[in-house]
Structures are given as structure tokens and as C-alpha cells.
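User: I would like to go through the terms used for this model and see what stands behind each of them. Please set the values against the definitions.

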Amino acid sequence: MTLVLETRALEKRFGGIVAANEVSLRLKKGARHALIGPNGAGKTTVINLLTGVLRPSSGEILLDGKNITGVEPHDRVRLGMARTFQINQLFGDLTPLETLGLAISERRGSGWHWWRTVGSRGGVVDEIGELLDRFRLVDVMQERTAILPYGKQRLLEIALAFACRPRVLLLDEPAAGVPDAERQEILATIATLPTDVTVLLIEHDMDIVFTFADRISVLVNGEMLVEGTPDEVSHDPRVKAVYLGESLDA
Amino acid sequence: MLTILFDGIAYGMLLFVLACGLAVTLGLMNFVNLAHGSFAMAGGYAALVIVNNLGMPFAVGLIGAFVFAALLGAVLERTLYVHVYGKSHLEQVLFTIGLVFMSVAAVDYLMGSQQQFIQIPAALQGQIQVAGVGMSKYRLMIITICGVLTVVLQLMLMGSRFGSQLRAAVDDQRVARGLGINVGAVFGITFAVGSGLAGLGGALGAEILGLDPIFPLKYMIYFLIVVTLGGTSSITAPFMASILLGIADVAGKYYVPKLGAFVIYTIMIVVLILRPQGLFARGRTR
Amino acid sequence: MVTPTPPLATEISQFLIARGRWSLIEIVFWIVAFATIYFLPDHYLILTDIVIWALFALSIDLILGFAGVITLGHAAFFGVGAYAAGLMAKHGIIVEPILALVASGLIAAVFGFFTSFLVLRGSDLTRLMVTLGIALVLREIANRFSNITGGADGLQGVTIAPVLGLFSFDLWGQTAYVYSLIVLFVLFALARRIVRSPFGLALLAIKGNPLRAAAIGIGVNWRLVAIYTVAAAYAGIAGALLTQTTAFASLEGFSFERSADGLLILIIGGTGYLYGGIVGALLFKYMQDWLADITPQYWQFWIGLVLVLIVLIGRERIGSWLDPIRRLFDRVGNWRPRKEGQLGMSPGDGGQKP
């Protein structure tokens, strides 16, 4: 079983603060892996390290066995890794149509084609439509992103990562701030991901975590406390202690 | 060589007094005030009028320069600048460039476009011999005054309550407000003092830098260089940056006259390539 | 996988194609512009001046309006182009004006390419400094090497050969104007193409959210280098045009005033929709004429006042006055009707807020 995404002893220091300490992740192809932990545990730091936004102080990151620790963020995307942000990071002045069109064009190699019109290459239009449809964004596809309601923005945030057709998808609290009704939409869409896509999910909502994940890592104060199946993790006394009485399977 | 060093230090200290207000303004409000040179010019011309036209002593001229520029700064800050703080950097740049253009044209209209000189009292003319080296009395005075000012500023910044409030506000405005510090008042006072110092620098520097309506445009880049190299988190760093710049500029113009001005610009560009955050600035959390 | 229903795909396709197409208004605009050749012969000189400013402002729009890079020294490239064209003509290096124009643009592009790396790093303030510094350095160089450039007196003795060997520059300025207008149009059309392409869309994304742009695979730095280089070339060609139409080049081409005025023109006309440079240049010249009648010598004061007022009143409010114009040209920009309260200009094209 090949490891698609692996970190070895990943460490990140900010001056005297250790944000991530000896973090080791091992994700097999098609994994549905959840990363949980209290606020401030360093989960987003891990994602930032994986995507290259932060440089590790020490340790390695391997994608398909290749060392990508020194690779620039945008090149990692080209290698097949995409992420969503906990707080929406979108292009306020672009429409969903343009936003997705951009990502798709980039992926298809038209990023430097200054002489074409966007979408003139075959297949781009179909892909845009397919994503807009899947994420229920068709009715707002020509609105400025900045004025869209939060739920739609969140859907676009995730759709944008999907548009990159990643082999490894890092989701940072995809359902954060989303009203209940739309949570289900988001979860349902994530569930439709092809089984060969590897997913690392950060989430606080334990319902989602336990429905979704086949393995869970618990991060506390930058360190990996426990890693195992949902069953193992939910019964581990250390985890219960960390969450201080918070019921894990409510 | 010692003369060059001496001249360079004088020049550098002058630059510091001129630019320190800009450094604090930038550090405190993240506001790019390209019109800072206009306050220097205002002070210079105020001194000119006081000394040349009104016949008052040079010292009165210097004080008048400070007061005039400080008042001008205070008034403009409360009436105009305060509306621009929250705007984007581009808008701040446009705004202050607009002020520069207005000030340049206004001074041209009021005072004429030729370079003018403030009458220096006889006591400050000529040189004195110190350890066998001829030193210009005027420059010696500059070093003394600017040196004293720097020490006073540093003491005030580190030792006084206002200074602590100022440092707190520079470090993190929101937290400072949360502590009950009246950041608006701190800034108003700081801006006025900074402008006043610029005015004083303009008056002091009239002899060395020249005083004409295009002063703000000519020296804008120098102030910016001082601030960029020295960063905005302290007084000592811009001070050292100014001294270095002063010496480099004087030495450059002396040893390589053809390329004199380049030395400054090249240093700036090189430093910005290597350390975009400035030579001395420590890392900021912002 | 869900296949989109045909109407959706068609709708998307139609929108994207329409996005790139010239609107009727644009076509009318350019027809009118070229018609001025026949209808306004008395105004050739001032119209040529407007065209050159428009081209310069357009070059600034490419980096400010579409990539979000603030520059206070774009005149650096204008000056490079101006002197390049002047020296080429004076010393017979390249005699035919169009070739010389292209060559000047390429030289300016080289300068732009190498300085772009300085502009990539650092905050807005650093960018201001660097761009300002580069323009000053070049101005100093031109000043110092006065045996080549003529120094403060400017480049003398420049004679421009006939365009294509056929159309000589006449005293009434007709050749100059037609020539300049055609150059503006060609470069405008090219810029329009670039801006509506996937590359241009990526630039808008970079301007809006560079972090996210990188996160979807866009190599931000190289795109910025590219557009900065193109913008430098455009500015260089504008400078070359000035030299070729006036047979003179001076240090003024590098001046801070030129950079600031170019920026002002663009701001007046509006950033991010390419026509802002042209609209701004028209308004600027009109304003200049009007103000020069009042106070011929100190008109810089009024320019300064206009800048101050623009900022105090707010670019957005002023932008909304220009909304009718922007609406006409909305194919090019990303103008969309704002919902209640949000007005006119694109936010975010002014660098970071404090």
C-alpha cells in the first residue's frame, strides 16, 4: 500500500514557540483521514506546512515518495495537492464562473496563454458547468463573489479546490460557520469524491469526523497525541482527558 | 578624510532630525506621509522670514521654525490627515503627493523660486581648529543641537509616560487602545512634534541643503531611505541609518563626484533587495 | 459524473465568448477617435499629447489596475524609451520610426524585466521606494552622461525620418497624430487581448488574493514579472512616441512629476478597465487647459488640490460619477453593478490597508 502523503518529524518553530513538534502523518491512497484537536493545537499550521505556505524548521514532507519540502506552494498544486481555507479565501471581484474557470484553465495549462479568451479551449466550459451544478452555484454564477451569502462562498471555496482535480485534498474545517441545512450539502459533496483521492480533513464537528474518517489523528499543542481508527481514538483515555468531558460521539 | 567624516556626521544628524518624524508617523499609523518634506520646508522659510526679514536672532529663527511647523502639522493633522488614515496606501500616497504639489506651488508663489539663504550670525561662520582638524562652526552647531535633540528624544521615548504610550501604540495599536491609551491624541502630538522637528531641520539645513520651493521633492527620497533602512520600531535605528547615509553621501560625492548621488540610491536598492524590511528593523508581528 | 444540461454549458460558453468581444460602444468610440483625424485638424498637437499620456497611463493601469502593484516611478521606462528613440534617430542606428519604436519598447522591456524582481518583494512602502529610486537613478544617469544625452538641456539635434519612408512628420502634426493614434490603438487592442485572456484573469486573481492564487497553482511572481515587463514596454513606447513626435527628449521624461501625473490621470479615469487612461487623459488635458487660463504658472497647485480632493471625497464616490462611462466599457473591466451601497471602483487596487 503506497503512501501518498507522508511527513517525517515535521517541526515548526516561531521564535521560542513550537507550533508543530515531530508531526508524523502517513496517508495511504484513498485515505479519509481526519485531523482533530483543541483550538490552537496547530492543525492549520500543519496544513500550511503541507501546502508550503510555511517552511518547516525541520523534517520532511513527501508526496508519492518524493520530497517536496522545498517546493513552492503553487508547484505543489501542480503536483496534485489542493486545499481549502478555514476562513474563505476567494477573489472578491470575480464571479464564481470566472473563479472556477480560472482554476480549470490553470490546471489545463492555459495560464500563460495571453492570446486566448478564457474557456476557448474545449472542455473547460463543460467542467465549469459541472462544478457549478455540483455545488449549487449555478444561480449565482455571474454575481461578484464578494456579495454572495456566506454559505455560497463556502461552497465556492470548496468547489475551487475541487477544480484543481487534486490527488490529495486538504480540507480546513469545510463546514465552519455554515448553517446546519447547508452543512449537509457540503458533506454530501465531499462524500462524492472519487475513492482514489486522498483526503485530510480538519474538523471540530465530531459528527462529521466520525461519519467521514477511516483514520483520525489527534493534535494537541503541536504534537501528535494519538493516531488510529475512530473506534480506537474515541475510547482512548488521553483523548477524553484532552477534550475534558466533551462527549466524542454525541 | 576626517573632515569628510565630520561633514558626513553633521549631514547625517541633520537627516535624522528631518526624518525621525516620518519614521514615527509610519510606524505608528502605517501612514506614508510623502509631504513630510513640506513641513521641513515650511520651517525653513519661517526661519528665513524671522531672521532675514524681521531681523531676529538666529536662535529665535530656529525656535520659530519648530513652532511654525509643529502648529502647521497639528492643524493639518486634525483637519485633513485624520480623514485619510483608514484609506489604502495608494490613496495616502496620492493625498500626500497632492499636498506636496500644493506646498511647492504655494511657496513658489509666496517666496519666489530661487534658492535662498538664512543669514547666519557671525559666531557661527567660519571654522575652528579641533585637534588640528578644521571644522566648520556651523556644522559643529548642527551636530551639537541634533545630538542633544536625539538624546532628549530617546530619553523621552524610553523614560516618560508619553513615551511608553507612544511605544505601545507603535507596537500594537489595538492593544494600546484596549489599555486605555488615547491613540488619537498620541498620534496628534507625535505628528505635531515630528513636523516641528522637520521644520527645525529645514531651518538648520538651509545652509547645507539649500532652501527652495522644490525642497520636498528633492529630499523626499532621502527621508524615505532613512525610514526604510532604519525601520520604524525605534529611534536608534533610523539614527544610525541617517549617520551612515550622511557619511556615504558626503564621501560618495567627494571621492566619486561623477556618480555622487548614485551612492545613496544604490545603497537603498541593494539594501531593499537583501532585506526588504530594512537594515536594522527587527521583525514585526504585523 | 454529472454532465451539465446543454443550456448551462451554452450559457457559460456564450458568456465567456461575449466577455472577450468588443462591445458596440467600444467600436463607436474608436471610430470617433479616428474620425477626429478628419474633423479636428486644428487640434492635432494637443490630441497627440493626450494620446501619449493615455498610453502612459494605460501602461500604469496594466500593473496597478490589473496586478495591484503601486508604482511611483513608472516614468523610468518612459524616459528610457524616449532617450532610446532619440539616440537611435540622432545617430542613425535605426532610422525608420516604427522599427525604432519597437526597439525602444524592447529596451524599456529589458529594464522592466530586471527591475521587476525588486518590485516583487516587500510591502507597498518598499515598492514605492524601489520604483521611486529606480526612476531617480535613471534620471541621474541621464543627467550625468550629458555628453550622450545632452544632460539638463535635453537631447538636441534629433531628426525623425518619415514613417515607413513615406509619411514625413509635418509642421501641422498630422503625421504625428495619425501615427500616435494608430500606435495607441494597436497597443490597446493587444492589452485588451491580454487582459481578457486566462493570463489576465490570473492577474486579477493575484491582485485580489495572492495567497489564494498561489493555492490554485498560479506562480504569482513570474506572472507579475511578465506584466511588469509588458507595462514597461508600453511606457517605453509612449516615451519613444513623445520623442518622435517632438524631435526632442529631455530629463522630464524620467521625472517624478511625470510618474505622478500618469498615476493621477489613471486614477481620474479609473483603474482596471483599460479605458481609464484614455478617459483620464482627456479629462486631465481639459482640466489643464481650463486651469492654465486661471493661473498659468502655478497650475501644479491645482493638480495637487485635485489629488487631495479625490482622496478626501473618495475614489469610490468619484468612481460612481464615472459609472455611466464604466458601464459602457464593462466588457473590458470587471465592472458589475454594485448592490446597495457599494460603488464604482474595484476595491483592493490600492495596496494593503493599514
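User: What makes up domain 1 and domain 2 in the domain assignment of chain A?

Analyst: This is a predicted model, in which local features need pLDDT of at least 70, side-chain atom pairs count only at pLDDT 80 or more, and totals for chains, interfaces and linings use all residues. Residues are numbered from 1 along each chain as its sequence is written, while chains are lettered from A and ligands numbered from 1 in the order in which they are written. For chain A, domain 1 is given as 1-80 + 166-250 and domain 2 as 90-165. Such bounds come from an automatic or database domain assignment. The C-alpha centres of domain 1 and domain 2 of chain A lie 26 Å apart.

User: How many residues does each domain of chain A bring to the contact?

Analyst: Domain 1 of chain A gives 11 residues and domain 2 of chain A gives 11 residues. Two residues are in contact if their C-beta atoms, placed from the backbone, lie within 7 Å. On the domain 1 side, the largest share, four residues, comes from helix 6 (residues 180-191) of chain A. Helices are DSSP runs of H or I with at least four residues, strands are runs of E with at least two, and both are numbered from the N terminus.

User: Why are helix 12 and helix 13 of chain C called roughly perpendicular?

Analyst: The axes of helix 12 (residues 256-269) and helix 13 (residues 276-294) of chain C come within 7 Å and cross at roughly 105 degrees. Axes are lines fitted to C-alpha atoms, for helices over the stretch in contact, and angles run from 0 to 180 degrees between N-to-C directions. Angles under 35 degrees count as roughly parallel, over 145 as roughly antiparallel, 65 to 115 as roughly perpendicular and the rest as oblique. Helix 12 and helix 13 of chain C are therefore roughly perpendicular to each other.

User: Which residues of helix 12 of chain C meet helix 13 of chain C?

Analyst: They are C:Ile265, C:Leu266, C:Ile268 and C:Gly269. Their counterparts in helix 13 of chain C include C:Gly276, C:Val279 and C:Phe284. By class, this contact has eight nonpolar, four polar and no charged residues. Nonpolar covers Ala, Val, Leu, Ile, Met, Phe, Trp, Tyr, Cys and Pro, charged covers Asp, Glu, Lys and Arg, and the others, Gly among them, are polar.

User: What makes strand 1 and strand 4 of chain A a pair?

Analyst: Two strands pair if DSSP finds at least two bridges between them. Five bridges join strand 1 (residues 3-14) of chain A to strand 4 (residues 58-63) of chain A, and the two run antiparallel. In strand 4 of chain A, A:Ser58 is the bridge partner of A:Glu11. Strand 4 of chain A is also joined by two bridges to strand 5 (residues 66-67) of chain A, again antiparallel. In the hairpin of strand 4 and strand 5 of chain A, two residues lie between the strands, and A:Asp64 takes a positive phi near 55 degrees.

User: Which pair of chains has the most contacts?

Analyst: Of the two pairs of chains that touch, chains A and C have the most. There, 37 residues of chain C are in contact with 42 residues of chain A. Helix 1 of chain C gives the largest share of the chain C side, nine residues.

User: How do you know which chains do not touch?

Analyst: No contact joins chain A and chain B, and their closest C-alpha atoms lie 11 Å apart. Chain B does touch chain C, with 41 residues of chain B in contact with 37 residues of chain C. The largest share of that chain B side, 17 residues, comes from helix 4 of chain B.
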